[in-house]
2 protein chains.
Amino acid sequence: MQPNNNFQSFSTLKGELLPTIYPFSSEEKIRETLLNANDAVLPYGKTNFVQRAVFLETIAQNILALGEDLLMQAHLETALAIPRLTGERDRTINQLKLFAALLREGSWVDAVIDTAIADRKPLPRADIRRMLQPLGPVLVFGASNFPFAYSTAGVDTASALAAGCPVIVKAHESHLGTNKMVASAIEKAIEQTNMPLGTFDTLIGEGPGLGQHLASNELIKAIGFTGSFKAGMALYTTATQKRKTPIPVYAEMSSINPIVLLPKTLEEITEQIATTLSASILLGVGQFCTSPGLIFVIESEAANSLIELLAHHLKVASSGLMLNQTISNAYYLDRKKLSGYDGVKIIMQGEDESSLYKATPTLLSVSAAHFITEPLLQKEVFGPCSMIVFCKDQIELNNAIMHMHGQLTGSFFGTTEELKEYNHTINLLQQRVGRLIFNNVPTGVEVCNAMVHGGPFPSTTDGRTSSVGPEAIKRFVRPICYQDCPDDLLPFYLKNKNEAGINRNINGIITKASIE
Amino acid sequence: MQPNNNFQSFSTLKGELLPTIYPFSSEEKIRETLLNANDAVLPYGKTNFVQRAVFLETIAQNILALGEDLLMQAHLETALAIPRLTGERDRTINQLKLFAALLREGSWVDAVIDTAIADRKPLPRADIRRMLQPLGPVLVFGASNFPFAYSTAGVDTASALAAGCPVIVKAHESHLGTNKMVASAIEKAIEQTNMPLGTFDTLIGEGPGLGQHLASNELIKAIGFTGSFKAGMALYTTATQKRKTPIPVYAEMSSINPIVLLPKTLEEITEQIATTLSASILLGVGQFCTSPGLIFVIESEAANSLIELLAHHLKVASSGLMLNQTISNAYYLDRKKLSGYDGVKIIMQGEDESSLYKATPTLLSVSAAHFITEPLLQKEVFGPCSMIVFCKDQIELNNAIMHMHGQLTGSFFGTTEELKEYNHTINLLQQRVGRLIFNNVPTGVEVCNAMVHGGPFPSTTDGRTSSVGPEAIKRFVRPICYQDCPDDLLPFYLKNKNEAGINRNINGIITKASIE
């Protein structure tokens, strides 16, 4: 961060400041962006789904067309490896295409029609129709750890644009060059597909200042955020308490993704579990929201062997470059804090390599009794750090899980027989997560219809939604109902004639038929 | 309200205290109720939809079986007429049956299944399934103006129970006898259908004290509320800021339900509009959340005639008994405040009959210019009070609507041609309401699939939902996803065999088929 109202990114890869200087958006630019977004609400909201689908597909094409240049820029700014970035770029493009496909099919809009019953007694029934309509301008915050998939044209932007909402992206200060390139791809698509001015823009500024300023503006109608608990909660407080009109905040904040290793399975495949787990802990230098930070075991010989094996795998792993200076400094501070709590033992931890912006893995352990009494043991350490929780028996395991905060995911390793035995434990964990995983690690989020990427607080501020998959579009809409509206004035998808050929619920029956 | 930790209802109908004394729930009872609700989360959440449907149907039967006694009790406690109460009781029963039918059909649970693809490159795809699951104990606040439909077994309770959530009702202090009878019908149904202890209970206590105490308890996972803006916002602040874990609040609070009378239509059917409008203003002594409190006209002869006619209709109407003393006192205070603002003219207002607990109608007028500059003119006066807003032209009308707060409903009276001319005005109003009505008044909420009863803040705290119709169930659930879960352990509705015969999205196709 710079004193002169501009940013210059520090590359942990090169160990130096990158040459380009990005000035903060001016007050005038910020005001204009908000007004343009507001002006775009009606014209963009009125575009039909095929137009929006073409728009999203064009963004995808334009991003792909940026080719190696874009990947190299992101590589410089995030230190993420090119193959990882290529995969993430492709995922981002696929997300855009997924929402385009959802729009082309059209049934997501949840059209429900109850036709009039003129001769109903005692009173006639009106013609009542409803569908989902966009909320208005959405403020999206770019994430440090996903320069593509959760940033400028990431899933929040893609789903909000699909929903018919103009988007303003607060660019993440650690990859402003990437943001600029992706934003240009979106802006080009706006021109190519003739979308209204104000459909998309991006602003640059010091995080808490600009973020709070935008979040408290009445023209903003919803917020998408991925980042720290502190920043997410600051936005949540502003959105719910510091505006005339509270708005929804979809903040994905903090998750330590517990893994429960059931005793028989742990004994049978100790080595396999150690290999899988350590790979998951190390993946992306632990900089994933689904990184496994908590491992529950019941005291046993096998549990001791697992720890030895895990410690070994983590010890021999090379340290990894972190996304930026702030994150690498925080990693060592947070692990120090975590390992300082009562009862926490350091199984292994690498040297402090923050001067090289690298994270070395950390493995800690603690008893369930300590875990239960100290909620701060559940604070996420962002990076390759995991903690084993030793439980005496199933009862203590259940008790520990009952004390666990909300998480994005929870995993069980166990045979079907063993899982049945621990059915109650599974039920308890289910109440605290968005995704339950069996015999696998939480890293690797499939983009598919059934995915839920979300979970109870504090993993997100709104566990009723998913930020991955088609459900994400539902975050930026609300139902509006039309009573006795003349057909000419009804929204396209509610008219008698079902020109779009979508599924509609007509008098309780799902059908693609038109109304005679 | 009584000093001795108990309530004795005052009947505005009889003009005296009713004999029965209702003691406040003891601290022990409150604690026990919360713990029982928490204990019921798993067993009640695991009941299948047919079991829950039978439970809801049994509640409906039991309420009906209370017969005249229940109607008489509510009549005494609310002064609402027996025919109105009979209608409301039947609506309450129908709501319970609507959710029972939704449960029996089962597809509401939104089951989505993406089956595994073992040979996918570069990585195999896991089997991923999701469905909606209950949030946990729901706190419901009884409403003063709907002793049945929005109270003990009202739509919040019915939808939460349908969703699989235990319910705790904070009884409304003005109809505690009605609450007791309806609660007994629910408790009897719990026994008859063998539902777990803690599935339902009701508590009595001084509103802000008990309400805040319950809302801030971590065992409560969602809140349903219908009432004043002040009480709703107090709950919202507690739920979002004063708990370790924020929870959703569905508070329906304040709506003045604007009606726009387009000039040509107003001129053509002035008398008909005056008759319809005055009936809607007077309905239920104006004690409906959809009561029309705001009427937009463009200055004209016809507008002047309308006002004369309206004033006449309201003047000749007899005054009506209000629900309770607090409400009748507030009515006269609030109308006095409203008529005191700059530019407000009193067209007609009846005598203050608060000593008789009766409301006399009120008709006020104001210019759009004043309306635009004074937001307090939008404060709801609960009762038969409406304000005409005079606009110079369509531009001023649009401007006034752009300054309007969120509402449950908005109505237009106009021919199709005229409505087309005012299309932009309709678009502007649509952004501010949950239901757009054409050529009719907002009172009379149809319970049907397409209904949206909800709207932007401050009409509710969450405009993304509806508290009437099947959508209401979605307020109390969240999606949970199961990755590679053994079939034996999957929830009933996600197993390979589709025994319930519900619609499921399997690999993108909606089908009732089982998975081979």
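Predicted model: local features only at pLDDT ≥ 70, side-chain atom pairs only at ≥ 80, totals over all residues.
Student: How many bridges join strand 10 of chain B to strand 11 of chain B, and do they run parallel or antiparallel?

Tutor: Helices (H or I, at least four residues) and strands (E, at least two) are DSSP runs, numbered from the N terminus, and two strands pair if DSSP finds at least two bridges between them. Here, strand 10 (residues 222-226) and strand 11 of chain B run parallel and are joined by four bridges. Residues are numbered from 1 along each chain as its sequence is written, while chains are lettered from A and ligands numbered from 1 in the order in which they are written.

Student: Which residues of strand 11 of chain B are buried on its two sides?

Tutor: In a regular strand the side chains alternate between the two faces of the sheet. A residue is called buried if 20 or more other C-beta atoms lie within 10 Å of its own, exposed if 12 or fewer, and partly exposed in between, with C-beta atoms placed from the backbone. In strand 11 of chain B, B:Val249 and B:Ala251 are buried on one side, and B:Tyr250 and B:Glu252 are buried on the other.

Student: Why does B:Val249 count as buried, and which residues is B:Val249 in contact with?

Tutor: B:Val249 counts as buried because it has 25 C-beta neighbours inside 10 Å. Contact is meant as C-beta atoms, placed from the backbone, within 7 Å. Leaving aside neighbours within four places in sequence, the contacts of B:Val249 are B:Ile223, B:Phe225, B:Leu235, B:Tyr236, B:Ala239 and B:Thr461. B:Gly224 is 25 residues from B:Val249 in sequence, with 6.2 Å between their C-alpha atoms.

Student: What residues have the most contacts inside the largest nonpolar core?

Tutor: A nonpolar core is a set of buried Ala, Val, Leu, Ile, Met, Phe, Trp, Tyr and Cys residues joined through C-beta atoms within 7 Å. The largest one has 325 residues, and A:Val389 and B:Val389 have the most contacts inside it. Beyond neighbours within four places in sequence, B:Val389 is in contact with residues including B:Leu294, B:Phe296 and B:Phe371.

Student: Now a helix: what span should helix 6 of chain B have, and which of its residues are buried?

Tutor: An α-helix has 3.6 residues a turn, so residues three or four places apart point the same way. The expected span is 1.5 Å times one less than the number of residues. For the 17 residues of helix 6 (residues 176-192) of chain B that gives 24 Å, in agreement with the 24 Å between its end C-alpha atoms. Among its buried residues are B:Leu176, B:Val182, B:Ile186 and B:Ile190. The buried residues of helix 6 pack against strand 1 (6-7), strand 4 (22-23), helix 2 (49-65), helix 3 (67-78) and strand 9 (200-203) of chain B. Just after this helix, B:Asn194 takes a positive phi of about 60°.

Student: Where do other positive phi values occur in residues that are not glycine?

Tutor: A:Asp484 has a positive phi of about 55° and sits in the loop between strand 21 (477-483) and strand 22 (504-506) of chain A. A:Asp484 is partly exposed, with 16 other C-beta atoms within 10 Å. B:Tyr357 has a positive phi of about 65°, in the loop between strand 15 (345-349) and strand 16 (358-359) of chain B. B:Tyr357 counts as buried, with 23 C-beta neighbours inside 10 Å.

Student: Which residues does a cis peptide bond join?

Tutor: Look at omega. One cis bond joins A:Lys121 and A:Pro122, with omega about 0°. Another joins B:Phe457 and B:Pro458, with omega about 5°; B:Pro458 lies in the loop between strand 20 and strand 21 of chain B.

Student: How many residues of chain B are in contact with chain A?

Tutor: 54 residues of chain B are in contact with 54 residues of chain A. Strand 21 of chain B gives the most to that side of chain B, with six residues. Strand 20 (residues 433-438) of chain A pairs with strand 21 of chain B in the parallel sense over three bridges.

Conventions:
Contact = placed C-beta atoms within 7 Å.
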